[in-house]
Amino acid sequence: MNDRVESAFLGHGEEDSNTSSNPTFDSVVQARLSRRSLLRGGVGTAATALLGGLSLAACGGGDDEPAPAAASTGTLLGFAAVAKSLDDRITVPAGYTASVLLALGDPLAAGVSAFRNDGTDSGYDRRVGDDHDGMEYFGLSTTGSPDPASSARALLGINHEYINQLFLHPNGPSPNPRPAGETDIEVDAHGVSIVEIARSGSTYAYVQNSTFNRRITAATEIQFSGPLRGHPLLITKFSPDATKTRGTVNNCGTGKTPWGTLLTGEENWTGYYFRAAGDQALRTAKANTALARYGRNVTGTAAAASRYGWETAGAADKYARWNTSVTGATPADDYRHEINGQGYITEIDPYDPASVVRKRTALGRMAHENAAFGKPVAGKPLAVYLGDDARNEYIYKFVSTDNWVAADATAPNRMATGDKYLDRGKLFAAKFNADGTGQWIELSMANPTVAGFAGYAFADDGDVLMHARLAADAVGATRMDRPEWCAVAGSGEVYFTLTNNSNRRLGTVTGSQLNPDAANPRVYTDIRGASTVQSGNPNGHVIRLRENGGEPAATAFAWDIYLFGAEAGSPTNVINLSGLTSDNDLSSPDGLVYTPSTGLLWVQTDDGAYTDVTNCMMLAAVPGTVGDGGPVTIDYGASGTVTTRAGRKQTATTLKRFLVGPVDQEITGLAETPDGKALFLNVQHPGEETPFSAIGDPSKYTSHWPGNAGYGPGGANARPRSATVVVVKNDGGRVGT
Ligand code: FEO
Ligand code: CA
Ligand code: CA
Ligand code: CA
């Protein structure tokens, strides 16, 4: 969700809890002041799979287009750029077809009724959840065993980040105290969907009655794994031995392990918990510091309200647990530690619907976006790259203790393989130096700077991992412009989106404002609509790094800024530093996925800054290499200069807009078939800016997608639904060529 929507619609902003005094290169700045087809495949086939896709929009390709030609290898970015658009539909290049594969509420088991989409549906623990986000592809053989090479049959693992609450109930959400029925729906619409899909003619369809289909929700029992299992800070009434919790929430980005499991990142979980006024007096100073650093501070007589008020739905334990306040005599008598059970990278075995889900605590607790593995090399540790998405937060890396054994890629007990590589290792935070180098700094009690941190007396390594932000504060890691997705290119270089930061400022800064630094160098204003002034770095950027020696365990790296988000036509000396044009300009990069079949990097936007001109989009990019550009000095006049490392400027052969989505949504999550001929992506929260007062008056819904494209009930008056879309090239070639 973009932060403008969060603050205006949900009542609170993205977390903004880093008030540490880390060098943000303030000192460095001073020092340097220097998508027919669809159904071309056949509706008949789709009957068994319930729902074939529906044609949405094709800029080219009428109903009389020729039958698919032989698959083309194709030149990368050989398509014509899609224009920016405010239309309530999906637009893809001429020669491509985008179809809806599945959407919020679609049934995932035999006997579950078709979705009515009028707010009266229930049973979301057997329906597709809401607000689709990250997504991974797991190939299936014809006999139903894992087959990484299969493009004909697969499982998709899909995150459901949160809920478009207005449209889940007949008349929108009731106020607190929340009705239990509404609360159960909302809890179940969260989490993750595992869904079987199968090729159907030229496109794909999902399989309603697959025995692989599974929903993990905000109520599913999950085990803690790794260093925090059994830790005193995870003791709750539900789990006095601190080994388990319920639910995974705000599942944002994803990852796919080299052994074929799904990783899901728990992002903006802090706001799900109510903390009572006065709770601060019942806690230690240290506990208060930790809660504040993770966005649940309470001061004076003000409580920290929860986003959805689930704790108000009744006395039953399943509701009470959302109140993370001291209410009992000991931690085993209440849910004061419940909030400590969220914020992890959580592993799910998609191939085994009965498998136990595990939270991999060794990867630290933060507002996790996704988890991207470095290229596995036999005999070397595995590296996993991680971003903490909140303003001013950090970039992290986990390095496994065990060296990679190639046979583990196909070992039958996948969760045991996860235990091996994800429960033992070291966590590092990134520091970006002004000269284009950087360090990974270990976060553990073995680092005296962590163990001796005056700001928080870490008790043990479990405490360090649970409060990784504080440990990164301690070591002076670099505070970034909201780290979102990371992706590892074929070269091994690691790309991170930094979506935006409204708190970058020149001159004297207060509170959580930061001066620009080499890695977050831009401060500028942009005008949205007629006159809304947006300050800081509203368009965001993409930074990348190369590990020294290409080693996963390297503690040093080189970096530069691959791409600066900007509006075409904006000044090229401060804002449009990548030379973007109307064919590839963008704002607020978020989703970022590398597709091995083509070697393309796909950039997706979750924007609130340029949405006066265009809906959110996806672009295809040809990655370069760190250092393919050079130093750039930005002159801020009386505020001095900032010198950064910029990648080469973008051109029509390196970056091109591929897709624009419907109104008030973000494009997020991407998975390709191994043959590269189909891409799956998610459209999250269309129509999100519809005011609560509009319920019952469809003319006031800002989006009616995908109902308006013929998918599901409702037509032009439909309630909008988050959905998974499949894109294919009409000539059968690879997507992006
Ligand atoms: Fe869920 Fe940071 O986006
Ligand atoms: Ca603008
Ligand atoms: Ca995101
Ligand atoms: Ca975002």
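# A guided tour: calcium sites, a sheet and a helix

Donors are N, O and S atoms within 2.8 Å of the metal (3.2 Å for Na, K and Ca); water is not among the atoms, so sites may look incomplete. The model is predicted: local features need pLDDT of at least 70, side-chain atom pairs count only at pLDDT 80 or more, and totals for chains, interfaces and linings use all residues. Residues are numbered from 1 along each chain as its sequence is written, chains are lettered from A and ligands numbered from 1 in the order in which they are written, and side-chain values use heavy atoms, with hydrogens and water left out.

**First stop: ligand 2**

Select Asp526, Ile527 and Glu567. The calcium ion (ligand 2) is coordinated by Asp526 (OD), Asp526 (OD), Ile527 (O), Glu567 (OE) and Glu567 (OE), at 2.4 to 3.0 Å. Asp526 lies in strand 20 (residues 526–528) and Glu567 in the loop between strand 23 (556–564) and strand 24 (589–595), so this pair ties together parts that are 41 residues apart in sequence. Strands (E, at least two residues) and helices (H or I, at least four) are DSSP runs, numbered from the N terminus. Asp526 is buried at 11% relative accessibility, and Glu567 is buried at 15%. Buried means under 20% relative accessible area, exposed over 50%, and partly exposed in between (1.4 Å probe, protein chains only).

**Second stop: ligand 4**

Move to the calcium ion (ligand 4), which is coordinated by Glu484 (OE), Asp590 (OD) and Asp606 (OD), at 2.3 to 2.4 Å. Which residue coordinates both this ion and the calcium ion (ligand 3)? It is Glu484, and the two ions are 3.8 Å apart. Glu484 lies in strand 18 (residues 483–488) and Asp590 in strand 24, so the pair ties together parts that are 106 residues apart in sequence. Glu484 is buried, with a relative accessible area of 2%, and Asp590 is buried at 3%.

Select Asn615, in the loop between strand 25 (600–605) and strand 26 (617–621). Asn615 counts as buried at 5% relative accessibility. Leaving aside neighbours within four places in sequence, its contacts (heavy atoms within 4.5 Å) include Ser85, Leu86, Asp87 and Pro662. A polar atom of the Asn615 side chain lies 3.3 Å from the backbone oxygen of Pro662.

Show the six strands of an open sheet with the order 8-7-12-11-10-9 and mixed pairing. Its edge strands, strand 8 (244–246) and strand 9 (251–256), each pair on one side only. Two strands pair if DSSP finds at least two bridges between them. Strand 7 (residues 221–225) and strand 8 pair in the antiparallel sense over three bridges. Within this pairing, Ile222 stands opposite Thr245 in strand 8.

**Last stop: helix 7**

Helix 7 packs on the sheet, touching strand 7, strand 10, strand 11 and strand 12, and its direction makes about 20° with that of strand 12. Axes are lines fitted to C-alpha atoms, for helices over the stretch in contact, and angles run from 0 to 180 degrees between N-to-C directions. Select residues 414–422: within helix 7, Arg414, Met415, Thr417, Gly418, Tyr421 and Leu422 are buried. Viewed down the axis, these buried residues fall within an arc of 150°, so they line one face of the helix. The arc is that of the directions from the helix axis to the C-beta atoms. The strands against which the buried residues of helix 7 pack include strand 13 (368–373), strand 14 (381–388) and strand 15 (395–403).

How values were computed: A polar contact is a pair of N or O atoms within 3.5 Å; within protein, one must be able to donate a hydrogen and the other to accept it, and residues adjacent in sequence count only if both atoms are side-chain atoms.
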